[in-house]
Amino acid sequence: MRRYFKPTCELVPSMTTTFQQLKIIRHSAAYWRVSFDNPPINMLDARTVQELVQLLELLETDQYLRVVVFDSTNLEFFIAHFDTGTEMETILTPLPNGLFPWVDFVDRFAKLPVVTVAAIRGRARGVGSEFALACDIRFGSLEKAILAHFEVGAGAIPGGGALERLPRLVGRSRTLEIILGAEDFDAVTAERYGWINRAIPDAEFENFVDAYARRIASFDKQALAEAKRLINARSNEPPAALINDAHSTFLDSLTWPGTSKRVPKLMALGSGQRSDLELNFSRHVGYLDIDG
């Protein structure tokens, strides 16, 4: 059996680039590994967005890089969901191109001349799923990967790309099932629907992902980049304006009456902490008694 490769050197960022929530390992000039590391449960907040933009600038300009694998230091949470309570003002204002910072990021990220792979162990809910959807390829641990969009159950809507990318992968009816039902999906079902590429037994997961990334890293960068560009042009990649519209509505939805009733109850149940709510979000969000 192939032995999982141990990192040989850590990426040394430029003097003006510091990362607090991303652990970046360079296995080779062609293959990087980026791990989300924002305890306790890998919430994605405004600071994460800023760091991802910094990372994106490195990825866009590196002439040798061919593939980046994104994973998590927390085996229970890939990315739990979005945290609206930290430095939000930094991502509320559209950029000069009219796009909100998160929308600009996922649009540029999807167009990278680099192959991006989401290696999902644990929970990828809300924006965690949306980040994975913006990656080119998604692999999930058969036993440990959980994907969900619970936003409607919390009184809001998804606003980071799910409404645009899921229908292109799983179809309209299954997207409605996912978004309106606000339930957790295991890796088997997510694979069957087309939400992820493959569900891989956890004992084989690291070796499989590493071997795939190394295979990609051995190919010619120009061939990879041009193939990806042409596939994007032929696969109905969603325009940024559509995602931007949904993101604007998502931000509005944070102030809707239903959200203002449900979110405090979710906070009381342990939102943002390693709690039974975060481990079993689907079970709790389906039984929020907003009148009780």
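Angles under 35 degrees count as roughly parallel, over 145 as roughly antiparallel, 65 to 115 as roughly perpendicular, and anything else as oblique. Keep that in mind while we look at this predicted model, where local features need pLDDT of at least 70, side-chain atom pairs count only at pLDDT 80 or more, and totals for chains, interfaces and linings use all residues. Residues are numbered from 1 along each chain as its sequence is written, and side-chain values use heavy atoms, with hydrogens and water left out.

Let's start with a pair of helices. Helices here are DSSP runs (H or I, at least four residues), numbered from the N terminus. Helix H2 (residues 101-110) packs against helix H9 (residues 240-253) at an angle of about 150°, and their axes are 9 Å apart. The axes are lines fitted to C-alpha atoms over the stretch in contact, with angles running from 0 to 180 degrees between N-to-C directions. So H2 and H9 are roughly antiparallel to each other. On the H2 side, the contact (heavy atoms within 4.5 Å) is made by Trp-102, Val-103, Val-106 and Asp-107, while H9 brings Ala-240, Ile-243, Asn-244 and His-247.

Now for the inside. In soluble globular proteins, nonpolar side chains tend to be buried together. A nonpolar core is a set of buried Ala, Val, Leu, Ile, Met, Phe, Trp, Tyr and Cys residues joined through side-chain atoms within 4.5 Å. Buried means under 20% relative accessible area, exposed means over 50%, and partly exposed is in between (1.4 Å probe, protein chains only). The largest nonpolar core has 58 residues, and Phe-70 and Phe-131 touch the most other members. Helix H1 (residues 46-61) gives the most to this core, with 6 residues. Leaving aside residues up to four places away in sequence, the contacts of Phe-70 include Leu-55, Leu-59, Phe-78, Phe-109 and Phe-131. Apart from this core lies another, of 16 residues, among them Val-67, Val-117, Ala-119 and Ile-200.

Lys-221 sits in helix H8 (residues 221-234), and at 15% relative accessibility Lys-221 counts as buried. What does Lys-221 touch? Not counting residues up to four places away in sequence, Lys-221 touches Asp-62, Gln-63, Tyr-64, Leu-65, Arg-66, Pro-113 and Val-114. Take Arg-66: its C-alpha atom is separated by 5.8 Å from that of Lys-221, although these residues are 155 residues apart along the chain.

Key:
Helix = DSSP H or I, 4+ residues; strand = E, 2+ residues; numbered from the N terminus.
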